[in-house]
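Here is a short briefing for a reader who is new to this structure.

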Amino acid sequence: MTLRPFTGDFILPEKLRSPRARALHRYLNTKHSLYFQLIECRATKDFDILVVQVSVEVCQHRNIDIRSKEIVAISFKGDRDTLPGFYPLRFDFPIDLVHVMVDWSAEFPSLCLWGEPFEELRSRLTPYLLLARLKEWLEKTADGTLHDDEQPLEPVLLGYNDQVIIPGDATVSGKRYVAFRSEDAHRRTTLYFVEQRETTNEERPGFVLAAFTAPTITHRAVKYAPRNLEQLHSLLHEIGFDIKTELTKWAQQVRRYEDLVEARLVILIEFPKKRTETGLVESTEYWAFITTQSIAALGEALGTLVDAGSYGIQAVGVLLGENTISSDLKKIEIYALAVRRCLSSETLSVLSGYGEELRPSITAIGAGALGSKIIELAARCGFGQWSVIDKDIFLPHNLVRHVLGDWAVGTPKANALQDFVNDLVPDNPIGKVVVADVINPQNSQEIDDVFNNADLILDMSASVSVARQLCEHATNKRRASLFLSPSGKDIVLLLEDVERTTSLWDLEGIYYRALVSEDSLQGHLTDDPLTRYGNGCRDLTARISADQVSTLAGIGLRQLIQQYKDSNSSATVWRSNLQSGEVKAINLLSTPGFEIKLKNWRVRWNKGLLNELVTQRLESLPNETGGVLLGIVDLEHKMTVVAASIPAPADSVKRPHYFERGVTGLNDTLVETARKSAGQLRYIGEWHSHPNCVGARPSSDDEGVFAKLGEVFDETNEFYLMAILGDNELFVRIGLDGSFGEGSIFLSNSN
């Protein structure tokens with residue numbers, strides 16, 4: 001085996017300075033070191049080196065030429081605890097591999113054994129772990145399994161200290177970008193490139209950007225960053241890219257800008273990367289290289305530029321023209337800069353873990369505590385292109401849990417939120433704002449436009465009347481409602497399906513039915529004490545902390561994004577426990593609704609509730625059964641949503657052709673229903689069943705029941721109804737102030 005000559009002088013083991021080197025030496029001399037043999041110890045001025053033979057378990061037919069015996073030099077910094085270096089010494093050791101780092105001389109390639117920072121590895125890096133990982137690296141490299149298919153591609157280069165921030169479109173826009181310099185506390189330089197506008201002699205840019213895209217490369221051994229233009233040219237020439245020619249073309253395009261002759265040149269290279277030769281591009285890597293001298297000084301140093309001022313930026317063309325020789329390029333020192341790209345909405349989405357960019361057009365109603373937080377978080381993760389409708393002014397007490405600051409007090413919430421969010425992230429996620437009252441708008445056309453242009457209309461106003469107004473709007477766009485409970489401990493998401501067969505009317509009824517029937521939702525609508533913030537009797541606000549709003553808003557947004565991708569409807573409540581930090585999701589059964597139009601009134605039934613009534617009827621046969629119906633009554637929109645029922649009380653009379661609803665415990669149940677639903681569910685009437693083959697038309701006894709309802713409710717402006725359920729028909733009659741309407745629908749067996 002021919003070995004590379006390695007640096008350092010031979011030393012005795014007791015001369016090792018590094019504690020880690022001494023510990024490894026002790027381990028190699030124990031009986032546990034079966035696969036490793038110490039060959040010698042070396043030292044340089046700064047490093048201790050142990051040369052070790054590794055017995056590698058490899059198969060006869062292997063993908064990579066890793067031998068059963070490999071000699072590796074392991075180096076340790078003598079006076080500091082840093083990550084050891086691993087250098088294979090076999091002269092023909094394959095070096096164009098992933099997880100191999102190659103310097104420009106290619107004299108001492110090194111192996112990259114860990115992907116995590118040494119700071120995280122330090123506390124558990126024992127001699128055994130170090131050697132076991134080295135052996136594993138060699139064996140997995142031999143059979144081609146070292147780099148997992150799910151693992152990100154290897155970087156193109158290594159080695160930088162300073163950094164540059166570039167626009168996301170720097171390599172494709174054709175714009176001219178210049179930068180000014182800043183330093184942090186450790187004197188690390190950051191260059192931030194912006195599009196060049198008009199400049200004055202007193203404000204000439206210090207740096208100019210030349211951006212290029214290299215051919216696609218297959219990930220391979222990692223090289224250290226070039227230190228001069230000759231090395232950069234060589235690196236790029238290997239993959240078929242001539243940087244000299246490209247720089248000359250660039251210089252010709254910008255030669256008229258004489259204000260840049262004293263600027264330093266920053267060369268930006270975009271590297272598209274793929275995993276295999278025949279694979280697709282998986283990722284893109286950016287590197288920047290800055291010259292140590294100005295463009296004028298570079299030309300003068302090489303004797304190719306006599307009068308910088310007369311040539312302006314053409315100096316680059318002269319400097320790097322076709323006649324420039326390699327020795328000239330070697331004189332031009334450069335150093336690498338880490339590239340940080342300004343984010344786009346697509347990048348925001350990827351970095352947030354959502355993967356693909358999702359930019360539906362969303363009209364949000366309500367820019368309060370929850371609405372502002374939802375929109376801010378959505379902007380940060382690249383979700384949605386937003387329009388915002390809100391009528392309110394930002395007041396001092398809003399500061400407690402709103403994303404806006406004291407600077408916004410006295411301004412419309414919608415306008416201030418637009419400024420804040422659009423300054424926060426790129427691509428202006430809030431495109432339009434409307435300062436208006438959705439219920440009583442001064443310009444209804446403006447609201448109609450943002451509704452009709454939306455993919456989703458999201459109500460976050462926490463107003464029942466606004467949600468119902470939204471239900472009645474003529475647009476056919478999908479709706480959702482997202483709101484906090486009065487105590488701020490729970491959050492609710494109601495989302496229509498794409499076809500809107502389950503509307504917000506239906507989802508509101510499903511939500512209230514769950515509140516009165518599910519033990520897990522006890523206390524959901526209970527108010528905590530309110531605080532007065534002004535002189536008016538309605539100037540009250542809830543006591544909810546900003547951290548609680550942020551927690552629930554994060555949950556609400558993530559679920560909105562996930563459920564929006566699904567075409568089905570959903571209704572979910574997330575309940576939080578402030579003491580334990582636990583959050584529990586309660587999914588409500590979301591079923592489609594159907595509507596019966598009676599005169600100028602509409603009655604919506606939910607199929608889930610109707611199925612419950614059908615089940616009660618079947619279980620009671622041959623007797624009739626029945627009970628009380630509970631619902632939402634909206635006089636403004638002439639809408640009743642039949643939401644829930646109270647089963648027949650225990651003292652009810654059930655016969656094959658007769659039903660009389662009892663009263664035991666009924667009043668207490670109605671009072672409890674009103675409490676649990678915050679008064680939204682109320683008594684709306686009666687229902688009962690008919691036997692098979694009888695039909696659902698009212699009998700004379702049924703007519704008497706409806707007459708009794710009229711005696712109670714007529715002239716009170718109270719809505720009431722009677723429903724009769726037959727074996728294949730639902731009959732409904734409604735009454736309001738002496739007038740009534742009736743109708744039937746026929747039921748399928750799949751109800």
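Cys 41 is buried in this predicted model, because its relative accessible area of 5% falls under the 20% cut-off. Cys 381 is also buried, at 6% relative accessibility. A search of the whole structure for disulfides gives a count of 0.

**Aromatic rings**
- The structure contains 15 aromatic pairs.
- One of them joins Phe 383 and Trp 386, whose ring centres are 6.5 Å apart.
- The planes of these two rings stand at 75°, so the pair of Phe 383 and Trp 386 counts as edge-to-face, the class for angles over 60 degrees.
- Both Phe 383 and Trp 386 are buried.
- One aromatic cluster is made up of Tyr 683, Phe 706, Phe 713, Tyr 720 and Phe 740.

**Charges over rings**
- Phe 706, a member of that cluster, has the charged end of Arg 733 over its ring, 5.1 Å from the centre.
- Arg 4 lies over the face of Phe 91, and its distance from the ring centre is 5.4 Å.

**Cavities**
- There are 3 cavities of 30 Å³ or more.
- The volume of the largest cavity is about 50 Å³.
- What lines the largest cavity? Its lining consists of Glu 154, Pro 155 and Val 156, together with Ile 217, Thr 218, His 219, Arg 220 and Ala 221.
- By class, this lining has 4 nonpolar, 2 polar and 2 charged residues.

Technical notes:
Residues numbered from 1 in each chain as written. Predicted model: local features only at pLDDT ≥ 70, side-chain atom pairs only at ≥ 80, totals over all residues. Heavy atoms only, no water. Disulfide = S-S within 2.5 Å. Buried < 20%, exposed > 50% of the residue type's maximum accessible area, 1.4 Å probe, protein only. Phe/Tyr/Trp six-rings, centres within 6.5 Å; stacked < 30°, edge-to-face > 60°. Lys NZ or Arg CZ within 6 Å of the ring centre and 35° of its normal. 1 Å grid on protein atoms, 1.4 Å probe; cavity = no way out; pocket = protein on both sides within 12 Å on 5 of 7 lines; lining within 4 Å. Points joined across faces, edges and corners; volume = space filled by probe spheres on them. Nonpolar A, V, L, I, M, F, W, Y, C, P; charged D, E, K, R; others polar.
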